[in-house]
Amino acid sequence: MVYTVTFNPALDYVVRVEKLTVGGANRAGQAEIQPGGKGINVSCVLHELGVETTALGFVAGFTGCELERELARRGVRTEFIHLAEGQTRINVKLKGQEETEINAAGPVILPEAQRRLLEQLDALQAGDVLVISGSVPASMPGGSYETLLRRVEGRGVLTVVDAAGSLLRGVLPCRPFLIKPNHLELGELFGKKLTGEKEILECARALQQQGARNVLVSMAGDGSLLLDERGEVHRLDVPRGTVRNSVGAGDSMVAGFVAGWLERGDYAYAHRLGAAAGSATAFSDELARQADILALLEQF
């Protein structure tokens with residue numbers, strides 16, 4: 001079972017306009033509501049690939065109930081903790097000639113709810129996968145990622161972290177199975193702008209020396225690079241296609257990698273499936289579908 005944790009999930013109100021006029025009236029060509037949150041995206045793509053998954057996290061109010069209903073409609077299992085006060089946030093995604101996002105604040109997560117999440121993790125067993133991604137709300141301790149990883153330590157649970165900055169650096173001593181920074185986040189960790197593949201690989205090796213077992217770096221139009229725990233480097237270019245959407249592509253890459261690893265236990269294949277899933281989302285108006293992922297997999 002793959003468990004994903006999203007501390008601050010959302011309903012994304014996606015509005016498509018031909019041209020956005022700031023300060024004026026705009027007419028939407030199309031509008032829809034989608035589940036939002038990095039861990040939730042991972043669960044959705046895992047489910048699409050036939051991998052058993054459960055989405056964990058916190059929800060509140062009628063918007064939280066709607067998020068659960070939408071995920072149930074898509075066939076994604078959830079075990080959210082319901083908060084007594086507040087509302088699950090609604091984020092607005094404006095898609096036109098450019099993408100504009102308005103992300104709201106989420107509800108306050110009290111210590112009792114945080115404790116219940118830790119107790120949920122006690123059910124994880126050897127061979128399970130725990131994926132933690134996204135921001136940490138202001139009402140939670142900054143070391144919450146590390147706390148979750150320590151909770152499952154020593155039980156054979158594979159941990160995956162998709163985060164940036166201090167959140168990522170803080171979990172390295174926990175020896176996560178996989179981390180997935182993009183090239184910009186990787187450079188920020190080392191206080192510099194990375195100018196080439198050699199520098200990216202040097203920084204990936206440094207993170208591996210600090211504890212990460214496998215480092216997967218997404219590099220936008222330049223493809224991706226995987227440094228696996230055996231020291232082997234895997235490099236992929238982007239497949240053919242037109243980029244239509246940037247939301248959820250990195251999460252889809254994480255989902256594809258995890259699905260590939262669970263299927264074959266082979267890093268090269270996991271990397272290819274991850275790259276195909278990430279690209280399939282980037283080439284679509286929403287999260288990738290299985291048929292599109294498998295079609296792109298043939299390009300690698």
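**Briefing: helix α3 and the overall fold**

Helix α3 (residues 111–121) has as its buried residues Ala-113, Gln-114, Leu-117, Leu-118 and Leu-121, where buried means under 20% relative accessible area (1.4 Å probe, protein chains only). Viewed down the axis of α3, these buried residues fall within an arc of 145°, so they line one face of the helix; the arc is that of the directions from the helix axis to the C-beta atoms. This is a predicted model, in which local features need pLDDT of at least 70 and side-chain atom pairs count only at pLDDT 80 or more, while totals for chains, interfaces and linings use all residues. Residues are numbered from 1 along each chain as its sequence is written, and side-chain values use heavy atoms, without hydrogens and water.

**Fold**
- The protein has 10 helices and 14 strands, which are DSSP runs (helices H or I, at least four residues; strands E, at least two) numbered from the N terminus.
- Among contacts (heavy atoms within 4.5 Å) between residues at least 6 apart in sequence, 64% join residues at least 24 apart.

**Dimensions and burial**
- The C-alpha atoms of the protein fill a box of roughly 55 × 45 × 40 Å, taken along the principal axes.
- Of the 300 residues of the protein, 52% count as buried.

Key
Buried means under 20% relative accessible area, exposed over 50%, partly exposed in between (1.4 Å probe, protein chains only).
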